[in-house]
Amino acid sequence: MEFEVVIGLEVHVQLNTKTKLFCSCPTSFNEKENSNTCPTCLALPGALPVINREAIHKAIQFGTAVNASINRYSKFDRKNYFYPDLPSGYQISQFYKPIVENGYIEVNGRKIGIVRAHLEADAGKNIHESNYSKVDLNRAGTPLLEIVSAPDLRSSDEAIEYLKKLHSIVRYIDISDANMQEGSFRCDANVSIRPKGDTKLYTRVEIKNINSFRFIQRAIDYEVERQIEAWEDGVYEDEVIQETRLYDSVKNETRSMRGKEESADYRYFPEPDLLEVYIDDETLETYSKIPELPDEKAERFQTELGLSEYDAKVISSSIELANFFEEMINSGASVKNSVTWLTVELLGRLNKNNLPITSSPISSSKLSDLVKAIDNKTISGKAGKDILDYLMEHDISVDEAIEKLGLKQVNDDSAILKLIDEVLSKNSDKVEEYKQGKTKLFGFFVGQVMKASRGSANPQKVNELLRSKLS
Amino acid sequence: MVIDDKLLSKLEELSHLKVAPEKREEIKEELSNILNFVENLNQLDTDGLPDKFSMRDTYSHLRDDNIEVDKNIGKSVVENSPKYQDSSFVVPRIV
Ligand SMILES: [Zn+2]
């Protein structure tokens, strides 16, 4: 039997506001435990929450970016559960009336629905020791935007494409640092299968605890395989139940949390400490303003700069890369060479060292200088690669590197002719053979001249001058 | 509404509280009385009222995103907790 995979994703994005969702404590982390806390986020009796305007702003920006409706009225609710990193015993979230509903993003030409995006407060952190746990509440109360997709995704590849698009949008509109390793972009996946052609939804399993794109893909693939096997073995009803499973990246498997979740009953009710949120016309207009989105930028790169669809997509995939590229163009580097030197040469070297563009040892202005030197033939393309290698290791200017490596391209006819004369006189026997018809030797002469120039002669010029000299 | 043994057990589980056997009858009766009291609200006819209906005619105040923190608060709360280590609360091992 052929199966169809049905995936829905829940993404928690930590908003990059300066303060927490309901109090004025800073959201910065890596500070002394429990130092960024106050009576509100410590849930001391009597302390009341006050909503951070900027969190509402960022949620509205997100809604605008994903073509969603912004609810003029939204509400907060209590989700009740016990855990040491949640001092109040409830999380304030938006269950009944989220701020953002009914949007979509386009992923490779398909519309993927975004059912809702709602604001909620993050919990603190537990650090587990051998026989006790430590609790740090610095993160407690940090604003999260939970973005829930429709079950529209049909493969793990598509799920990853969706996540990358979402990640890129969130970075473009600058509502989050969206760093997966640091936990500011977290993903849970709901996975089910069904016989191809069937339209009903079967039992979905929720996978938690996945912190990289690669692991999300593996976790989904593992879970799909497990469900198909259960179906084929006739044990689907017993083995696939609605539950939460944890992904173990070391063993590459998902494991049931059965038992732990059985008492989950969140008893949502309207948060009595907060009134409704109302967005008036003026606020909506101001807060809906967003910068250019990835698709718009890719489109502009094609129409204005003549990039291929592929290059435009690669460069616009992340805001940092797009900015890097635009800075190069703005400082006068040619479009064609900028594309190659950024996407092939620099990114290739960064990938090899596992560095993101944000940690590139070569700035956009430095790469632009290098491209300009290639544009105006000060150096050859080959010399450019050597210089780039050198600059990856040494923090000096492009001019200094050209000087230091002696790679300034020789374009001067007389200088090249002088080298040619030397080479030809040293190899008079070969010149004789060439003249008697052994024309294959031409390549040998070019090689010798290039070698004599230590790679700095303009190869096109060498070819031209050599040809006229030997004719 | 009547609180029976089954519901009381569920409430114990959800609240992480244990009700002593000799207290069960009393608690069941008290909780039932509370619920009956709240039942009064059902006498109001709320059909046709919009979702956003509220007794108050105002909305949540929104606060500007400016940092204000007193680093001593967290410190003194930690130091007044039953058990702590350095600046962290200490609780029984969770997982
Ligand atoms: Zn606080």
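Helices (H or I, at least four residues) and strands (E, at least two) are DSSP runs, numbered from the N terminus. By that reading, the secondary structure of chain B comes to three helices and three strands. This is a predicted model, in which local features need pLDDT of at least 70 and side-chain atom pairs count only at pLDDT 80 or more, while totals for chains, interfaces and linings use all residues. Residues are numbered from 1 along each chain as its sequence is written, and chains are lettered from A in the order in which they are written.

**Chain B**
- From the N terminus on, the elements of chain B follow the order α-α-β-α-β-β.
- Chain B has a radius of gyration (taken over C-alpha atoms) of 22 Å, whereas a compact globule of 95 residues would have one near 12 Å, by the rule of 2.2 Å times the number of residues to the power 0.38.
- The C-alpha trace of chain B spans about 50 × 45 × 25 Å along its principal axes.

**Two helices of chain A**
- Helix H2 (residues 156-172) and helix H3 (residues 213-232), both of chain A, pack with their axes 9 Å apart and at an angle of about 150°, where axes are lines fitted to C-alpha atoms over the stretch in contact and angles run from 0 to 180 degrees between N-to-C directions.
- H2(A) and H3(A) are therefore roughly antiparallel to each other, a term that applies to angles over 145 degrees.
- Their contact (C-beta atoms, placed from the backbone, within 7 Å) involves residues including A:Ile160 and A:Leu163 of H2(A) and A:Phe213 and A:Ile216 of H3(A).

How values were computed
Parallel < 35°, antiparallel > 145°, perpendicular 65-115°, else oblique. Contact = placed C-beta atoms within 7 Å.
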